[in-house]
Amino acid sequence: MQIPHEVTARPDTGLYNAKLGIWLFLASEVMLFGGLFSAYIFLRMGAEDGYWPHGLLNVPVGAGNTAILIASSVTVVLAWASLKMRKFSQYKLWMGISILCGALFLIVKLAYEWPQKFEHFGAFIKKDAIEHYEKYLGNHHLKEKGLPPRVEISGHLHEVEIAADPAEKEKLEVFLKQHDLEAKPDEHDAKLQIVCSEKKDKDGKREGIRPGVAEDLEKVPGVKLIAFELGLDPINAAPDNPESDKPHFLYKGPTETPGKIERKDVEFYSSFAPKHSSYFAVYFTITGLHGLHVLAGVLIMLYFWLPIEGGANMFKRNPEHLANRVEVVGLFWHFVDLVWIFVFPIFYLL
Amino acid sequence: MSTAALTHAPDDNAHDDHHHDPGFWQKWVFSTDHKMIGIQYGTTGLAFLMFGFMLMMVMRWQLAHPGEAVPYIGGLLQAIFGSSAFQPDAKGIPGVLTADGYNSFGAMHGTIMVFFGIVPVAFAAFGNFVVPLQIGAIDMTFPRINMASFWCFFISCIFMCVSFFVPGGAAKSGWTSYPPLSGIADSGALNHFFMNGQTLWVTGMVFNITASLLGSVNFIATIIQLRAPGMTWMRLPFFVWAQFVTAFLLLLAFPPLEAAGVMQLMDRAFGTSFFMPTGLIVNGAATHWSGGGSPILWQHLFWFLAHPEVYVLILPGIGMVAEIIACNTRKPLYGYKAMVGAIFVLGFLSFIVWAHHMYMTGMGAKVSGFFQVTTVMISVPSVILVTALMLSLWGGSIRFTMPMLFATAFLPMFGIGGLTGIPLAFNAVDLYLHDTYYVIGHFHYVVAPGTIFAIFAGVYHWYPKATGRMLNEFLGRLHFWGSLIFINGIFFPMFLQGMAGVHRRWFDGGVTYEQIIKPVIHWNNFMSVSAFLLGAAQIPFIINFCWSIWNGRKASDNPWDATTVEWDTPTPPPHGNFTKEITVHRGPYEYSVPGADKDFTPQTEAPKSDKAHLAAPLVAAPAH
Ligand code: HEM
Ligand SMILES: [Cu+2]
């Protein structure tokens with residue numbers, strides 16, 4: 001049983017089945033990402049002053065990834081064109097490049113962009129304590145310039161100071177051991193005052209303590225967080241510097257300028273994980289879903305590239321069918337590319 | 001390994017025209033044949049309709065007898081659903097539905113009926129089985145994607161069923177799953193981060209939506225690409241049009257809910273605050289969400305789907321009723337073209353009315369005004385459809401066959417449902433009626449004696465084609481009259497209760513607010529009795545459905561003397577559907593054409609002038 005119009009177009013519609021299918025699928029994809037982008041708009045418009053961060057992403061890296069995707073969109077068209085001209089080795093070359101580009105994009109995301117966020121610490125300051133942290137926030141300066149205030153202090157978390165109930169000491173010790181934490185007890189205090197940080201690595205570079213570990217530490221029975229000590233982000237290190245009024249174009253990581261925040265003044269703290277704020281929630285959801293699409297595209301292209309039945313081997317039996325398949329995955333790939341063209345400005349630039 | 005694989009030489013060409021004899025698994029379970037997938041969707045969907053109905057019967061018991069244990073099966077229910085849903089009464093008799101249990105059953109009733117009952121049956125089952133046959137196609141365009149759609153749906157069914165048995169029970173935030181309630185529900189320290197009712201609900205929905213998307217791509221592509229030669233657009237049976245528009249609604253309206261589902265999953269599993277507002281306090285304690293989210297955002301995304309969804313629920317029904325009316329009045333549909341136009345307008349407008357479900361959120365007069373206007377506008381095409389169907393009855397020589405009985409009853413019932421929607425369209429009226437039983441009455445009239453009657457009509461109509469047997473007429477009539485009477489017994493009093501102010505989510509039938517609703521509370525008993533009797537009226541149907549598969553009267557290929565192409569196949573149709581080349585020569589409803597030899601002319605019959613050339617097939621044709 002052969003379904004009609006699998007390879008050749010139906011004369012009155014001018015389309016073969018899969019091409020129509022992919023266009024319909026992409027229409028629904030537009031609505032899917034449309035839903036997510038409208039969530040972005042909704043949340044951003046509803047965000048209180050200071051709650052929508054800027055300049056936290058690395059623009060050159062993002063721009064590089066954009067270029068990679070655009071290039072791969074071109075090469076996938078060249079791959080299709082080579083098939084149409086029945087030039088098999090050219091096809092293999094262009095398709096191979098497209099696959100590599102897609103993979104490179106994913107590697108940049110997975111190995112650099114996302115993990116970095118989970119190392120970064122941010123704390124939203126309670127409304128009544130904002131004034132107290134003026135030296136990190138620089139709100140007077142901002143007010144003079146008519147800019148929205150800052151409510152968050154961020155950077156690398158170096159140490160946390162805790163008070164532990166001596167009766168529950170064992171649980172704490174187990175936790176410290178599990179997480180490879182170094183504890184410096186403060187003997188002078190009646191209560192058990194401890195400063196924790198993760199051990200130094202081989203080169204003696206200070207690793208600090210990951211924000212997620214600090215959250216877990218707070219859940220250990222008998223433990224109370226007193227304060228965070230961090231290496232401040234450039235904005236908080238020099239809040240009055242006019243250079244910090246606008247987000248930096250070139251991303252600058254946290255400095256060694258120390259800052260200290262009392263736990264009682266903090267409304268909410270976490271790493272730059274999805275739960276940190278609406279911004280990171282949409283950021284991770286959209287880029288995550290987009291990443292899944294990239295992954296799917298890479299796998300499908302790989303399938304058409306490998307010398308297997310249904311893949312590149314099809315060239316001998318039915319080159320037109322293979323060309324159709326590549327055209328369809330190409331359309332999908334253009335869409336994935338297009339989504340990124342929206343993602344890049346709204347998260348990296350605006 | 002199946003025998004089929006063994007009997008084939010390994011170098012067998014995959015593209016030969018031999019008829020493979022598929023093994024058991026391929027034929028009955030992992031089938032890519034659109035008819036089998038239709039039947040799978042249909043039986044699963046009908047089973048879920050029954051399950052959802054049973055949940056509702058337990059709730060109805062509670063509404064009429066708050067605080068009393070469910071008789072006879074209370075102990076069993078408590079054993080199955082556990083102590084979060086059922087508790088013993090004061091005397092220690094097990095089986096009193098708890099408030100949590102009521103919420104859970106209510107939410108799951110709505111979810112199951114809509115997404116696991118009606119859509120799978122009316123859209124997926126009938127669409128899969130009938131549409132390719134009606135357009136003269138050998139299968140769907142993408143048979144394997146079709147199979148994937150069913151199995152995706154099946155996975156979602158498993159999620160929903162399992163969710164009843166996790167600690168805390170199934171989802172309890174309504175079928176609309178409004179946050180922040182749905183964010184807080186089952187998210188305590190004692191709940192598993194994934195195996196809890198609400199999270200399983202969202203996950204199940206994401207699979208369900210994916211299944212619908214795969215299905216709708218397939219339906220649209222099939223209707224566009226695989227129409228038989230001569231099957232021009234205006235020769236499509238109305239049912240195909242209805243499915244075509246429905247598929248577009250699913251294709252474009254479901255993804256935003258899928259996005260919303262993913263966001264709710266993020267909120268629940270990763271602690272984000274898409275829908276959790278700042279400063280949320282639960283039971284006097286601050287919550288762990290960072291805040292900044294918007295519960296209203298969920299409502300927008302949800303209703304952006306769920307309003308089109310109500311047309312997904314009704315359009316296939318209208319399509320089936322149209323087929324059945326044309327066939328049983330022996331008369332073309334009145335205003336076929338206007339109906340096709342109306343259904344497109346309806347499809348388009350259904351995307352811009354969603355916020356009429358949200359008047360209570362305080363969107364402001366301008367926005368409310370906009371949605372009020374579009375909502376009133378959308379009733380115009382709805383009225384065109386119903387009027388055209390009513391007028392189709394006019395002057396017909398009506399045969400009151402089983403399908404026709406249900407189809408005729410559909411018209412006034414759907415009419416009541418539609419008309420009661422119009423007051424709701426008006427902001428000022430809706431502020432009063434919102435979340436009362438009036439709304440419940442409104443939409444149940446459209447979906448229960450509306451769509452479900454259309455589904456019954458469709459089952460009676462196409463059952464002979466699918467099984468080769470007729471359903472029993474006597475049992476059918478018993479089923480019909482029982483259903484018609486008792487279904488009104490349930491839903492009509494809802495309007496009275498709703499206008500008196502009975503809220504839709506009171507779990508005790510309103511005892512707490514008895515002072516306010518005294519004049520109407522007594523209806524609870526009447527409605528619940530009607531519900532149980534309606535349940536009883538389904539027994540003849542269930543018996544009929546199962547018994548007739550083997551014992552029903554044998555059906556001919558075209559038992560209803562119908563014109564459309566699905567009756568031009570052997571009964572039941574083989575894999576590949578047709579035993580001859582299909583060419584379509586005429587419109588779908590050539591009934592009682594003056595001058596024709598019979599009172600129906602099949603779409604595949606060549607015009608008279610050509611008869612001479614085609615003598616051979618025509619001589620053979622009257623054989624059936
Ligand atoms: C004929 C035109 C119709 C109009 C003007 C209309 C209007 C409305 C309005 C304004 C509401 C919101 C009421 C409220 O929540 O306060 C509503 C609810 C509803 N309608 Fe309709 N409707 C129409 C037809 C239909 C049809 C054909 C269906 C389904 C097959 C349907 C199903 C529903 C459902 C399921 C709800 C309630 C959802 C919920 O809150 O749980 N309606 N209708
Ligand atoms: Cu609506």
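## Basis

This is a predicted model, in which local features need pLDDT of at least 70, side-chain atom pairs count only at pLDDT 80 or more, and totals for chains, interfaces and linings use all residues. Residues are numbered from 1 along each chain as its sequence is written, chains are lettered from A and ligands numbered from 1 in the order written, and side-chain values use heavy atoms, leaving out hydrogens and water.

## Interface of chains A and B

In chain A, 36 residues contact 46 residues of chain B (contact: heavy atoms within 4.5 Å). The buried area is about 3,100 Å² (accessible area, 1.4 Å probe, lost on being put together, summed over both parts). Carbon and sulfur atoms give 72% of that area. On the chain A side, A:Met1, A:Leu24 and A:Met31 lose the most area, together 20% of what that side buries.

Helix 1 (residues 17–46) of chain A packs on helix 10 (residues 295–329) of chain B at about 155°, axes 11 Å apart. That makes the two helices roughly antiparallel (angles over 145 degrees).

## Helix 11 with helix 12 in B

Helix 11 (residues 336–349) of chain B and helix 12 (residues 365–393) of chain B pack at about 150°, with axes 9 Å apart. Helix 11 of chain B is therefore roughly antiparallel to helix 12 of chain B. Among the residues that meet are B:Ala338 and B:Leu349 from helix 11, and B:Met377 and B:Leu389 from helix 12.

Methods
Axes are lines fitted to C-alpha atoms, for helices over the stretch in contact, and angles run from 0 to 180 degrees between N-to-C directions. Helices (H or I, at least four residues) and strands (E, at least two) are DSSP runs, numbered from the N terminus. Angles under 35 degrees count as roughly parallel, over 145 as roughly antiparallel, 65 to 115 as roughly perpendicular and the rest as oblique. Buried area is the accessible area (1.4 Å probe) that two parts lose on being put together, summed over both.
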